[in-house]
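I opened this notebook to record what I looked up about ring contacts and open space in one protein model.

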Amino acid sequence: MQTIFREYDIRGIYQQELTKESVNAIGYFLGEEIKERLGRGAEELFVGVGYDARTHSPQLYSWLSEGLINAGLNVLEMGLVTTGVNYFTNFVSWIVDGREVVLAASIMITGSHNPPEYNGFKITLDKAPFYGKEIAALGEKIAASGGVMRKSATPGKIFPIDAKERYIAYLVDQFAHLRGFAPKLAIDCGNGVAGVVLPEILSRLGIKAKFLYVEPDGTFPNHHPDPSEEHNLEDLKHTMQQEGNDLGIAFDGDADRIAVLTPHYNIKGDELALIFARDMARSGKKPVVIGEVKCSKVMYDEIDKLGTAIMHKTGHSNLKVKIRETNADLAAEVSGHLFFNDRWFGFDDAIYVAMRVLELVHHGVDLDREVASMPKMFSTDEIKVKVTEETKFPIIDEIKKLLTAPAPSFPKIISIVDIDGVRVNFEHGWGLVRASNTTPVLVTRFEASTPEMVELYKNSLNALIEEAKAKVGL
């Protein structure tokens with residue numbers, strides 16, 4: 001049970017870890033936490049809850065809401081929405097039962113890009129992510145309760161809100177200058193929830209696009225909704241070739257992760273961040289951009305020429321907190337999570353990012369030329385090494401120990417960054433090993449000035465991984 005309370009969110013398998021009893025308890029004890037944290041009476045507290053297209057999401061909504069109501073909190077029901085819509089509801093006020101209210105918290109029920117049997121909860125409390133030690137403490141409290149919950153004498157109520165329409169109208173207004181823009185555009189919604197908002201936004205702006213798999217379907221019958229995996233983009237690439245599209249966009253299941261394609265490039269999240277930073281610099285701003293430990297050295301070096309680049313931990317919660325701390329303009333993950341604080345609210349929303357990409361093209365930015373002008377480095381995609389939940393962090397600790405006295409044949413180490421796993425900076429590039437906070441894998445990535453150096457760094461760190469695995473008995 002405790003394994004579902006992860007670094008960024010709560011995530012598990014439906015009807016195994018996510019049962020009626022466990023989800024009721026999550027709702028109830030989270031409600032108690034919200035009351036304690038915000039110090040207001042339960043009747044004044046409203047929690048927005050929305051869900052993605054997974055087949056079991058409506059059932060989880062029912063169980064979760066029951067727990068929140070039993071704690072005395074009111075639920076604002078959003079229905080089927082993107083994660084961006086869910087986050088957005090925290091930053092505007094709502095008229096509920098004749099009075100204006102602001103959300104105390106929101107919960108998005110989503111399995112994101114995990115396999116269909118998974119689901120979970122992304123929690124925002126008082127406009128900030130509820131994560132890390134807070135989620136761990138919630139899990140411990142639920143475990144210690146033995147399932148005993150003292151129901152509130154005055155249960156909360158459920159009020160429906162049209163969060164989707166409010167969000168669509170907001171974005172149409174924000175991007176009204178794109179009205180009538182006619183890009184050669186193809187979009188793969190991946191049978192996720194991008195299809196419930198983006199077609200309507202583009203329609204109201206008079207922007208036409210070739211849509212693939214727009215109907216939400218939690219069985220994901222066409223391909224898995226993870227655009228960071230190249231094979232999931234094959235249908236979009238084929239459509240772009242057939243239709244002659246200049247731009248392709250793909251989304252993950254809950255539409256907080258984006259892939260941007262041109263006829264020549266699959267533009268990664270760190271490359272997009274650099275393109276956006278350059279655009280900000282052209283308008284006179286000195287952009288402050290946060291990247292995660294998997295981002296290219298090219299991104300950090302080039303942004304430092306324009307403004308300031310900051311390296312931080314991977315994970316949507318970590319990056320949102322860092323944006324609030326630094327007031328940065330933008331944060332990015334290689335996987336396609338981008339967080340705009342410039343003209344937006346500092347959370348990751350791939351629908352909003354898609355509109356900013358369209359805006360770039362509308363303003364005459366040549367995406368192919370932007371990528372081609374970046375200094376050339378050779379890199380791998382994320383490479384995942386299967387381990388177990390119990391061993392992934394001990395393996396990282398062992399690797400750190402091994403790096404204190406590497407073999408004479410090990411490539412020369414310039415420096416080590418250990419804010420999230422281990423990023424080893426070598427003479428001609430770098431290599432990363434970190435433990436995933438959402439799955440039982442180690443994530444590695446390598447970059448260097450030549451393909452041969454990439455292989456050298458990869459093989460050297462992989463040898464350390466195998467040695468560390470043996471030391472922890474795996």
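The entries below take aromatic contacts, then charges over rings, then a pocket.

**Basis.** I worked from a predicted model, in which local features need pLDDT of at least 70, side-chain atom pairs count only at pLDDT 80 or more, and totals for chains, interfaces and linings use all residues. Residues are numbered from 1 along each chain as its sequence is written, and side-chain values use heavy atoms, with hydrogens and water left out.

**Entry 1: aromatic pairs.** I looked up the ring pairs and found 22 aromatic pairs in the structure. Rings of Phe, Tyr and Trp (its six-membered ring) pair if their centres lie within 6.5 Å; planes under 30 degrees apart are stacked, those over 60 edge-to-face, and the rest tilted. Phe276 and Phe340 make an edge-to-face pair, because their planes stand at 85°, with ring centres 4.9 Å apart. This pair joins distant parts of the chain, 64 residues apart: Phe276 belongs to helix H8 (residues 269-282) and Phe340 to strand S18 (residues 338-340). Helices (H or I, at least four residues) and strands (E, at least two) are DSSP runs numbered from the N terminus.

I then checked burial, where buried means under 20% relative accessible area, exposed over 50%, and partly exposed in between (1.4 Å probe, protein chains only). Phe276 is buried at 2%, and Phe340 is buried at 0%.

I next examined Phe345 and Phe347, whose planes lie at 10° with centres 6.1 Å apart, so the pair is stacked. Phe345 is partly exposed at 23%, whereas Phe347 is buried at 3%. One aromatic cluster includes Phe276, Phe340, Phe345 and Phe347, and Trp344 is also among its members.

**Entry 2: charges over rings.** I applied the criterion that NZ of Lys or CZ of Arg be within 6 Å of the ring centre and within 35 degrees of the ring normal. Arg423 sits over the ring of Trp430, 3.7 Å from the ring centre. The charged end of Lys376 lies over Phe378, at 5.2 Å from the ring centre.

**Entry 3: second largest pocket.** On a 1 Å grid over the protein atoms alone, a pocket is an open set of points where a 1.4 Å probe fits, with protein on both sides within 12 Å along at least five of seven lines; lining residues have an atom within 4 Å of a point. I noted 21 lining residues for the second largest pocket, with Lys376 and Glu271 among the closest to its centre. H8 gives the most to this lining, with three residues.
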